[in-house]
Structures are given as C-alpha cells and as structure tokens.
Amino acid sequence: MTKIHKLSSELTNQIAAGEVIERPASVIKELCENALDAGSTRIKIDFIDAGLKQIVVQDNGSGIAADEIDLAFMRHATSKINTNHDLFNIATLGFRGEALASIAAVAKVDIVTNTGGVNGIHAIFEDGNKVKQEAIASPQGTKIVVRDLFYNTPARLKYLKSERTEIMKIVDIVNRLALGYPQVSFELTNQQKQLLKTTGHDDLRQTAANIYGIKVAEKMLAIYAQSPDFKIAGLISRADDTRSTRNFITLLLNTRYVKNYRLVQAIVDGYGTRLLKGRYPFAIVKIDLDPLLVDVNVHPTKQEVRLSKESELARLIVRTIDQALGATEHEIASFDDATESKQTKLDQLEFNLNEAVVDTSRIPVEFSIPNDLTDDSSKVKEDDTTFVSLQHPRQDEHYLVTTTWDANVQAQTALSPFSASSLSSEVTTSSEQILVNKLPQLQCLGQMHEYLLATADNDLYIVDQVAADNRLAFDKLLLQMQAENNYEQTLLDNIILDFSMIDFLKVQDKLAEFKKLGLNLEEFGGRSFVLQEYPLWLENCDQIQIKAVIDLILAHINAPLDKIRIELAKKIVATKHIRRKSLNSLEMVEMLTSLSNSSNPYHDPFGKIIIAKISENDLRKLFQK
C-alpha cells in the first residue's frame, strides 16, 4: 500500500486553481473584481487568442504595497475578512484570497502596482513562485499581465470551447460587471479591437445602451421597490421586446452578479401571460439586502449563493415587475407575437352531455392515427352522470335530438351539387413517404364550417382545414428554404441591424449559415450588419421581422441547419393566422390531394391533429344498431 504523504505546494496550488480558474473568462473576472474592490473608477482589459496567450487588466485603484506583494500571491491571504463575524458580513467581491495565487499557479504573471508613491513595484511570478521584483516608475493603480494560460497544465486546454465561444464568455462576464458598476468605466478590447466601452457616469440606462444597443435601452422600464429586508431597482424591457434565451437577464445581489434560478424565474413570472412561450425579457435587477441574509461562501466562483427569505424576495420581484408593466399595458403586434398552436391530446376529447341533447361536435370518435404517433397514456375520462361511453350507451329516448341538426342540414343542402368527377376524385398516395402510404384513399363529400368531410371504406373522415393549411404552408416553406439557391429580392432601402456584442460575435461566426438561408449580411461597422437582399420565403421584410428571424436562428445556433429550417418554418407559419374559408368542390379535392403528398398528413407542424375517423362500427353503436 502506498504511504500517505503531503502534497507539494505546486500541486496543491494547481488543484486549487482548477476550482477557480476554469477558462480565460475566469481570470478576467477575478482580476476585475480585485480592481473593483480596490476602488477603481477605470478598468481596461485586453486579451490575445481568447486570453490564452495574453490577458492585460489595468486599473486606477489603490494598488498593492511593496511589502504585501508576496502575501497577495499566497493562498488564503486577504485584506477582506479577519474574523468569523466578517465572513457573514461580506461587502466585497473577492475575499477568499485565492485569485492571484490560482492564476499564478497555471500561468506566467507580471504585476506592476503603485499605491500612490513616486515609484511602484514590478514583480514576475511563475508556477506560483516569485522570480523577480524591482522598483519601477508607474501611475497609481495595478496592471497585471497574464501570459501562457495553462502552459503547465495542458490537459485543461482540451476542455475549452472554440476561440469565438471563449471570447463571448469574456464579453459576457465583463458586461455583467459593467451593469453592476455603472459608475466605473470599462474598456474591453481584443488585440486592440474594441468590444465594449462604458462611460462610467453612473447611469444604468446608458450602460445598458453600451451593451445592448440604444434602441433596446431607451424602451426599457425603470423598476423600484422596497421592503423591510430588500430594495429592488433596475431596468426591464417591455413584453414585446424579448429574446429566446434567459441570457439577457442579469441578477445583481449587492452589486455581485449571481445565478439563482428561482429569482430569475420570478422575473419571468412578473410578466405573467404577457410573454409568449419560450420568450424571455431583457432585465437588469439590482437587489440590495443585509449581507447577513446571503451566504456567498458556498462556491469557489461565488456566482452561486444561498439566500434567507428567498420566497419573500421572489414575491417582491413578481409584484414589482407586474406593476411596472401594468402602468404601460399595451402590446404591439409583430413577427414575434404569433401565438403558437397548442397541441390537442386525446384526453381533452371528453363529451359533456345534458339529459336531452348530444352535441355532435363532441361525439367520442376513434382516431385513425399511425401507431407511432398515438399517445398510449391518453385516456378518455368518463362520468356516469355527465358523459356518454360507446361501450355503455345511454337509453334516453330523446337524447339523440341535436340543437345544431337543422342548421347543419341547411348548410349541406346549400352546397353546389358535386359533379360525378368530383365525387369520384380520390387522394393520390405517394409510395415515397411511409406516412402517406397509411392514408386511405378518400372521396370528398363536402365542407361543414372549417372541416372537410370525406369517406373511405364506409368510414367517415373529418379533416381540419386550418390544420391542413398549416401543414401545407409549412412544407412549402421548408422546400423553399432547402433549395440550393435561395432567390433573393433586393430591398429598396437597406436595413441596418444593431446587436449586442455577444450576438454580433455569434452572427459574425455564422455568416455562412445565414447565407445558406438567403440572408446575406455584411458588416457595417461597430456592432452592426447591413441587409441588402432578403429571401423570397420571407414574404414581408422589415427590421422587426428580420431581427426576429435572426434571434430565432441564434437560439438554435449550434443545431444542424435542417433543424434551424424546421424551427424557422414553424415560426413563420404560426404568424400567418390561417383562418377557415369556404371552398368549392375542386378546392376541397385539391387540398386533400396536397395533404396526401405532404410530409405528415396526420399532424400539423405544432402537433395538432389534422384528420380524424369515425368508423362505420362507431356510427352503428351511436345509433344503437
């Protein structure tokens, strides 16, 4: 058995660094938090090769004294806490005393710092050990240069994402810090190319404009509320200005950016039914509370915290946001405002009858659906007093009389007589599609409201016209998007699209995918793209619709292109608001024929049933034959 021994200081430092320094963004977060704790009003960050080659963070804070340099790079050395009482009254971002020691354990670090004297101190650290220290002329503050990150732990490199992804994570963390400290000027550059610059004028809306763009920030609503334990302030977007991910929700607890699912969900719940399914707002919510009510000492990165009175805080957030939105209650219809069709499940088809009437629109039917599309868990609930079962038919002598019978008869007799050719027209099946092979040959009978009636093998089939139209429109759009050449139409006036830096980087990285969809975007300086042409599958083209299309694509940015096309086609079909219309005999036959050739004649793109069957046997049972 191997003998127990003590780990070397180099190895323990590298193990500790693994908890704190996960990627280049972690280095920037720790160095910026130290700069903020030092009272800095200006912080400049520059990096090369996503931060792996070099990271430079410079501030104008209080600096580090010459005789404290060695302590600053030792583990568990800090100026933030002294006693157990201090541990539960933390008002600073960094307090563990691990940041500099962890960074120096996995990178080469140069530090130049000055507390305000004539000269400052320059020191070099490698493998956690100081190799050089000298006096040097420098301004007040601290400049730290981190080179060759993970050079002595190369296995860590394989867990990093692509360069573009690592850059976006850096931008994201600096954005959160800037929102938490609008009184501090942040400047972020990538090899001298500016990614973010804030003014530091202590104006949260202006900082939001620097990050999300002027158009988003100027429409955001201010929120404020106070209770005995909490104070809430910040900005939220209106319900019509949303995104498809929660990434634009920033939660700041005593200026510290934290991740807390329950509080983020409270922000979403504050919008109530104003938000569409799968949509999330822009929100910057700053919460001030007594440090005794929060424990930030539960995770090395300090982004996960433990809260007392969390439920009370969540209720306050919901109420505050609801009141702010209620004061400006109006919704603007746009591309994003289409309500998605809800799926119809078999267990919803219950049949409520009174003593004397059965409504034929609620008669229980057997749906002829392929086995792989049925939900075995769905069951029709029955109640002896209010529901009728085909297995136990009621014996009332007059319950078959319907209130809608006369109207239905008149509607059918008003239809033009079908020609012999129309009545004999059949839906043609395609041997190329499995689902279509299961669709029987239907003979069109007529139309009742938004339903088409057809027959096959003595069974009655009911086709939902609106659902069928949705399926056909979806298939048509998908074919247009899949075409090798997406024909574009030139815009009379070019559309200029502004993005947040994170979205700008995402779009920039996926320009080829956008082009395959017919969206030819060209960089227009800053964080903007210009669109000069749009694909023909997008019938109407304006800035709101184009931004909504791009936002949906970004939400599925890592999905295969075919998946993006499907989601995009579903979204566009949902906005069409297809409604029922009267069809002549030829149009009805044409719809059934097109439906038989569709990719799935049984369900629309949203899962709603298109076709249902009442068998001859069910009809006989219904009429007690």
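Partly exposed is the middle class: buried means under 20% relative accessible area and exposed means over 50%, with a 1.4 Å probe and protein chains only. Arg176 counts as buried, at 6% relative accessibility. The two side chains meet in a salt bridge, 3.1 Å from N to O. A salt bridge needs a side-chain nitrogen of Lys or Arg within 4 Å of a carboxyl oxygen of Asp or Glu. Helices (H or I, at least four residues) and strands (E, at least two) are DSSP runs, numbered from the N terminus.

This is a predicted model, in which local features need pLDDT of at least 70 and side-chain atom pairs count only at pLDDT 80 or more, while totals for chains, interfaces and linings use all residues. Residues are numbered from 1 along each chain as its sequence is written, and side-chain values use heavy atoms, with hydrogens and water left out.

**Lys108 meets both a charge and a ring.** Its salt bridge partner is Asp148, with the closest N and O atoms 3.5 Å apart. Lys108 lies in strand E3 (residues 108-114) and Asp148 in the loop between E6 and H6, so the pair ties together parts that are 40 residues apart in sequence. Lys108 is partly exposed, at 28% relative accessibility. Asp148 is also partly exposed, with a relative accessible area of 31%. The backbone of Asp148 has a phi near 50 degrees, a positive value in a residue other than glycine. The charged end of Lys108 also sits over the ring of Tyr151, 5.1 Å from its centre. To count, NZ of Lys or CZ of Arg must be within 6 Å of the ring centre and within 35 degrees of the ring normal.

**Helix H9 (residues 261-269) has a set of buried residues.** They are Leu263, Val264, Ala266, Ile267 and Val268. What do these residues pack against? Their partners are strands E12 (249-253), E14 (280-281), E15 (283-289) and E17 (306-307), and helix H10 (310-326). Packing here rests on contacts, meaning heavy atoms within 4.5 Å. At the start of H9, a side-chain oxygen of Asn260 comes within 3.1 Å of the backbone nitrogen of Arg262. The side chains of Arg262 and Glu310 meet in a salt bridge (3.6 Å, N to O). This pair links distant parts of the chain: Arg262 in H9 and Glu310 in H10, 48 residues apart. Arg262 is partly exposed, with a relative accessible area of 41%. Glu310 is buried, at 19%.

**Phe73 and Phe125 form a stacked aromatic pair.** A search of the whole structure finds 6 aromatic pairs. Rings of Phe, Tyr and Trp (its six-membered ring) pair if their centres lie within 6.5 Å; planes under 30 degrees apart count as stacked, over 60 as edge-to-face and the rest as tilted. The Phe73 and Phe125 rings are 3.8 Å centre to centre, with 10 degrees between the planes. Phe73 is in the loop between helices H3 (69-72) and H4 (84-87), and Phe125 is in strand E4 (residues 120-126), 52 residues apart. Phe73 is buried at 6% relative accessibility. Phe125 is buried at 3%.

**Phe499 and Phe529 form an edge-to-face pair.** Their ring centres are 5.9 Å apart and their planes stand at 75 degrees. Phe499 lies in the loop between strand E21 (488-498) and helix H15 (501-509), and Phe529 in strand E23 (residues 528-535), so the pair ties together parts that are 30 residues apart in sequence. Both Phe499 and Phe529 are buried. The charged end of Lys547 sits over the ring of Phe499, 5.1 Å from its centre.

**Asp604 is buried yet has no salt bridge.** Which side chain of opposite charge is nearest to Asp604? It is Lys608, 6.0 Å away. Lys and Arg count as positive and Asp and Glu as negative; His and the chain ends are not counted. The side chain of Asp604 does reach two backbone nitrogens: that of Phe606 at 2.9 Å and that of Lys608 at 2.8 Å. These are polar contacts: N or O atoms within 3.5 Å, where within protein one must be able to donate a hydrogen and the other to accept it, and residues adjacent in sequence count only if both atoms are side-chain atoms. Asp604 lies in the loop between helix H19 (585-596) and strand E24 (611-614). It touches Ala467, Asn470, Arg471 and Ile610, not counting residues up to four places away in sequence.
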